[in-house]
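Welcome! Take a moment to look over the sequence and the 3D view before reading on.

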Amino acid sequence: MATQTITMEPLSARIPSDLYLWLAQLQVEGATTNSDKLRVLLGQLKRQHDGAFDYVAAHGWARELTHRLREALVRIEGSEGRHSEVMGLLVEQVTALMALVISHAPATAEEAMKLEDALVRRAALLSESLLRQATTGGAHAFDSEVVRRHLGPTVELASTLNVNQGA
């Protein structure tokens, strides 16, 4: 199988001094020079552009955007021994929702209906997961009451829905 060799091409640009200073001070993982930073940032921009057309690419890009949060949560777990299943499921579902929204631009009502179905399914999975956390006697979260505190009105609405459907 033949592999394509990637060559490096020079790029020259004039940018305003405030952007130059920002770039010089910007911390970019795996990049130390402005040239390295531009390569990394252009790669991210390409993934963002590609993600506008493909769910998998959009999901990867959304994961990149949430990298700092994920890393911070790992640090907390390592240093304090605390973990939040609630935070993990929220970040995963938000990432999937972002990927769906980013990668779709429905051209017809039928396509919009399919996207709507996928978004509502994801939102329902999130709600179901949060309800499961609330019924386990306190959520596995940094604040064990956070889910119950915020889901009270949702549970009340759901019980009303069940009564109306049964009538």
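## Before we start

Please keep in mind that this is a predicted model. The values in this report are computed from that model.

## Salt bridges across helices

Side chains of opposite charge can pair when their charged atoms come close. A search of the whole structure turns up seven salt bridges. One of them links E92 to R70, with the closest N and O atoms 2.5 Å apart. E92 belongs to helix α5 (residues 85-103) and R70 to helix α4 (residues 67-80), so this pair ties together parts that are 22 residues apart in sequence.

How exposed are the two partners? E92 counts as partly exposed, at 34% relative accessibility. R70, on the other hand, is buried, with a relative accessible area of 17%; that value falls under the 20% cut-off for buried residues.

## Salt bridges within a helix

In helix α4, E71 and R75 are four residues apart, about one turn of the helix. Their side chains meet in a salt bridge, at 3.3 Å from N to O. E71 is partly exposed, its relative accessible area being 34%.

The side chains of K114 and E110 form a salt bridge at 3.9 Å, N to O, and both residues are exposed. Elsewhere, salt bridges that share partners join R63, R70 and E92 into one network.

Now find T95, which lies in helix α5. Is T95 buried or exposed? T95 is buried, because its relative accessible area is 0%, and buried means under 20%.

Which residues does T95 touch, leaving aside those up to four places away in sequence? They are H59, A62, R63, T66 and R70.

I15, L19, Y20, L21 and W22 make a nonpolar patch of about 530 Å². One of these residues, W22, has its place in helix α1 (residues 17-25).

Note on methods: Residues are numbered from 1 along each chain as its sequence is written. This is a predicted model: local features need pLDDT of at least 70, side-chain atom pairs count only at pLDDT 80 or more; totals for chains, interfaces and linings use all residues. Side-chain values use heavy atoms; hydrogens and water are left out. Patches are made of residues with over 30% relative accessible area and no salt bridge: like charges are joined within 9 Å, nonpolar side chains (Val, Leu, Ile, Met, Phe, Trp, Tyr) within 5 Å. Accessible areas come from the Shrake-Rupley method with a 1.4 Å probe; for residues, only the protein chains shown count as cover. A salt bridge is a side-chain nitrogen of Lys or Arg within 4 Å of a carboxyl oxygen of Asp or Glu. Helices (H or I, at least four residues) and strands (E, at least two) are DSSP runs, numbered from the N terminus. Buried means under 20% relative accessible area, exposed over 50%, partly exposed in between (1.4 Å probe, protein chains only). Contact means heavy atoms within 4.5 Å.
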